[in-house]
Amino acid sequence: MRFDIITLFPSIFKGPFEESIIKRARQKNILEIHLHNLRDFTTDAHRTTDDVPFGGGGGMVMKVEPVYRALAYVKKQLKEEAKVILLSPQGRTFNQNIALELMRQKNIILICGRYEGVDERVRMYLVDEEISIGDYVLSGGEIAAMVIVDAVTRLIPGVLGNERSAKEDSFYRGLLDYPQYTRPAEFMGWEVPEVLRSGNHQKIKEWRTRKMLERTLQRRPDLLRKARLSPEEKRYLEEIKKSDPKL
Ligand SMILES: C[S@@+](CC[C@H](N)C(=O)[O-])C[C@H]1O[C@@H](n2cnc3c(N)ncnc32)[C@H](O)[C@@H]1O
């Protein structure tokens, strides 16, 4: 899978894209990331990428022409169609289902806004969709782009290798993950649940399933309404509700 990121600040991506899972996915050639500095697509001596807003008001707006040229350049490098996404607080709110949807794309181009945002004609004529990473306003689209690249990358088959599968993470099945423990079995009198030390795989599996259901019920009941549960999971859920009427 290939991501092309159009940004005014390519160096922001250096740390996060050069460590851990993303680094290994790039080394294994499962993932390609290409950063494009928007200033390289300007034509004036000052390499201008923004201008004052029509109609007045404070701040600056990112110009349409450099974005147009950057997109044309990137698309020329690609052998197949790309999905073009503008990072924007006004877009569809990113979640695990959207990450799965994007994982099926071969090429994704992410455009990072700055200042007061991007000339509306970018949204109207140049992008397939806008994505927001949540209901708050960031200073730029770069961190949002990193969030999307990270969440999508860990879903690409082969990326997590021998590590726990992404299918076991929170949200994958519409449930929150169960609690995790590691050694020591006891610290400051705080003990790891006995069942996890029992070696009884059947019991451990049941405990984990029950914990996933309990946590989701306690913290995100909205997710449970949409989750597809097996008859066994439905039974566990009923038992959990009966055992704690406050839930
Ligand atoms: C300061 S924001 C502009 C916000 C714009 N004035 C508005 O209220 O919609 C600058 C850029 O940061 C990015 N951005 C800010 N918040 C974001 C969010 N929640 N999700 C994705 N991108 C975001 C967008 O690319 C945006 O163009």
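Visitor: Is Arg-235 buried, partly exposed or exposed?

Guide: The model is predicted, so local features need pLDDT of at least 70 and side-chain atom pairs count only at pLDDT 80 or more, while totals for chains, interfaces and linings use all residues. Residues are numbered from 1 along each chain as its sequence is written, and side-chain values use heavy atoms, with hydrogens and water left out. Buried means under 20% relative accessible area, exposed means over 50%, and partly exposed lies in between, with a 1.4 Å probe and protein chains only. At 42% relative accessibility, Arg-235 counts as partly exposed.

Visitor: With which residue does Arg-235 form a salt bridge?

Guide: Side chains of opposite charge can pair when their charged atoms come close. The rule for a salt bridge asks for a side-chain nitrogen of Lys or Arg within 4 Å of a carboxyl oxygen of Asp or Glu. Arg-235 pairs with Glu-239, and their closest N and O atoms are 3.2 Å apart. The two residues are 4 places apart in helix α10 (residues 231-243), which means that about one helical turn separates them; helices here are DSSP runs of H or I with at least four residues, strands are runs of E with at least two, and both are numbered from the N terminus. Glu-239 is partly exposed, at 32%.

Visitor: Which salt bridge does Asp-4 make, and how far apart are the atoms?

Guide: The side chain of Asp-4 meets that of Arg-2 at 2.8 Å, N to O. Asp-4 is buried, with a relative accessible area of 0%, and Arg-2 is buried as well, with 13%. By the rule above, the count comes to 20 salt bridges, and Lys-83, Arg-92, Glu-101 and Glu-129 are linked in a network of them.

Visitor: How many residues does the largest nonpolar core have?

Guide: A nonpolar core is a set of buried Ala, Val, Leu, Ile, Met, Phe, Trp, Tyr and Cys residues joined through side-chain atoms within 4.5 Å. The largest one has 36 residues, and Phe-94, Leu-102, Leu-110 and Val-152 have the most contacts inside it. Helix α6 supplies the largest share of this core, 7 residues.

Visitor: Which residues does Leu-102 touch?

Guide: Contact means heavy atoms within 4.5 Å. Leaving aside residues up to four places away in sequence, Leu-102 touches Met-1, Lys-83, Ile-85, Phe-94, Ile-108, Ile-131, Ile-148 and Val-152.
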